Amino acid sequence: MAEQHPHVSINMSRGQLKDSVECLKQREEMIERQLIRRGIKDPKVLNAFHRVPRQFFVDPPLVSRAYEDQPLAIGFGQTISQPFIVAFMTEQLGLNAEDQVLEIGTGSGYQTAILSELVKAVYSVEINESLYVRARGRLNALGYQNVFLKCGDGSHGWQEHAPFRCIIVTAGAPSIPRALSDQLSEGGKLIIPIGEGDQDLVVGVKTRGVLVTKQVMRVRFVPFLSKSQPA
Ligand code: SAH
């Protein structure tokens with residue numbers, strides 16, 4: 001029988017793409033050093049990080065750096081978020097298997113893939129058409145079936161599939177777009193970086209129709225764009 005890695009219960013291939021032993025090792029290290037040691041505890045979240053091969057979400061020249069403790073460029077001035085930030089935001093949402101989640105800012109599709117491991121369906125909107133096309137290709141090749149992508153301005157949310165139990169925004173916005181709080185279900189959670197330059201990561205819970213917010217961390221995301229100033 002083939003020797004099994006102690007903590008990993010994934011297949012060596014996902015869809016059409018093959019994972020590698022070297023990447024599995026780097027992934028284990030990333031989870032231990034960057035996530036667990038910094039306080040990420042939810043075993044479901046950690047397991048999602050085991051399952052998603054981050055190296056497929058960066059451009060080929062950056063594959064050897066995919067597991068570094070930082071964001072990496074994905075073209076068009078955009079970045080794939082640092083693993084810890086993806087984990088922190090995911091953990092904050094407190095996801096359940098039955099949830100449907102709206103993500104604004106698909107980017108590489110990495111956060112999308114992590115979410116899709118944890119919930120029933122992920123709806124993700126990306127404003128940049130090239131990034132949307134690339135993310136769609138990757139997520140298809142990896143065999144994700146519960147991910148639905150759209151190219152457009154995420155400040156309008158995705159009305160046809162609302163309400164959402166959770167909404168996650170991965171670009172820094174000046175304020176919480178009205179459509180997003182409207183499309184959140186009662187008791188639902190939204191997480192969004194608010195501000196210019198550095199931002200406050202804000203978590204909002206819809207309570208009796210009103211979003212009750214708190215700041216949880218200082219972060220630095222790329223700016224939220226609108227159709228009048230696309231990337
Ligand atoms: N979670 C992504 C982060 C990508 S960076 C990842 O880890 O790969 C933020 C993304 O938000 C960029 O791809 C950018 O094009 C996109 N974006 C910015 N403003 C947007 C808007 N108004 N609607 C949808 N996507 C937007």
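This is a predicted model: local features need pLDDT of at least 70, side-chain atom pairs count only at pLDDT 80 or more; totals for chains, interfaces and linings use all residues.
1. The ligand shell. The ligand is surrounded by 25 residues, and the closest of them are Gly105, Gly107, Ser108, Gly154 and Thr170. Two or more residues of this shell come from each of strand 4 (78–80), helix 4 (110–116) and strand 6 (121–126). The largest contribution is that of strand 4, which supplies 3 residues.

2. Composition of the shell. By residue class, the shell around the ligand holds 11 nonpolar, 12 polar and 2 charged residues.

3. Geometry of helix 1. Helix 1 spans residues 21–35, 15 residues in total. From its first C-alpha to its last, helix 1 reaches 20 Å, which is close to the 21 Å expected at 1.5 Å a residue.

4. The nonpolar core. The largest nonpolar core contains 55 residues, and within it Phe49, Ile114 and Ile167 touch the most other members. If residues up to four places away in sequence are not counted, Ile167 touches Leu102, Leu180, Gln183, Leu184 and Leu190.

5. Ser64. This residue, Ser64, is placed in the loop between helix 2 and strand 3 (72–75). Ser64 is classed as partly exposed because 13 other C-beta atoms lie within 10 Å, whereas a residue counts as exposed at 12 or fewer. Ser64 is 38 residues from Gln26 in sequence, and their C-alpha atoms are 9.7 Å apart in space.

6. Tyr110. Helix 4 contains Tyr110. Tyr110 counts as buried because it has 25 C-beta neighbours inside 10 Å, the cut-off for a buried residue being 20 or more. Apart from neighbours within four places in sequence, Tyr110 is in contact with Val52, Arg54, Phe57, Ile80 and Val86. Tyr110 and Val58 stand 52 residues apart in sequence, with a C-alpha to C-alpha distance of 9.0 Å.

Technical notes:
Residues are numbered from 1 along each chain as its sequence is written. A residue is near a molecule or strand if its C-beta atom, placed from the backbone, lies within 6 Å of it. Helices (H or I, at least four residues) and strands (E, at least two) are DSSP runs, numbered from the N terminus. Ala, Val, Leu, Ile, Met, Phe, Trp, Tyr, Cys and Pro count as nonpolar, Asp, Glu, Lys and Arg as charged, and the others, Gly among them, as polar. The expected span of a helix is 1.5 Å times one less than its number of residues. A nonpolar core is a set of buried Ala, Val, Leu, Ile, Met, Phe, Trp, Tyr and Cys residues joined through C-beta atoms within 7 Å. Two residues are in contact if their C-beta atoms, placed from the backbone, lie within 7 Å.
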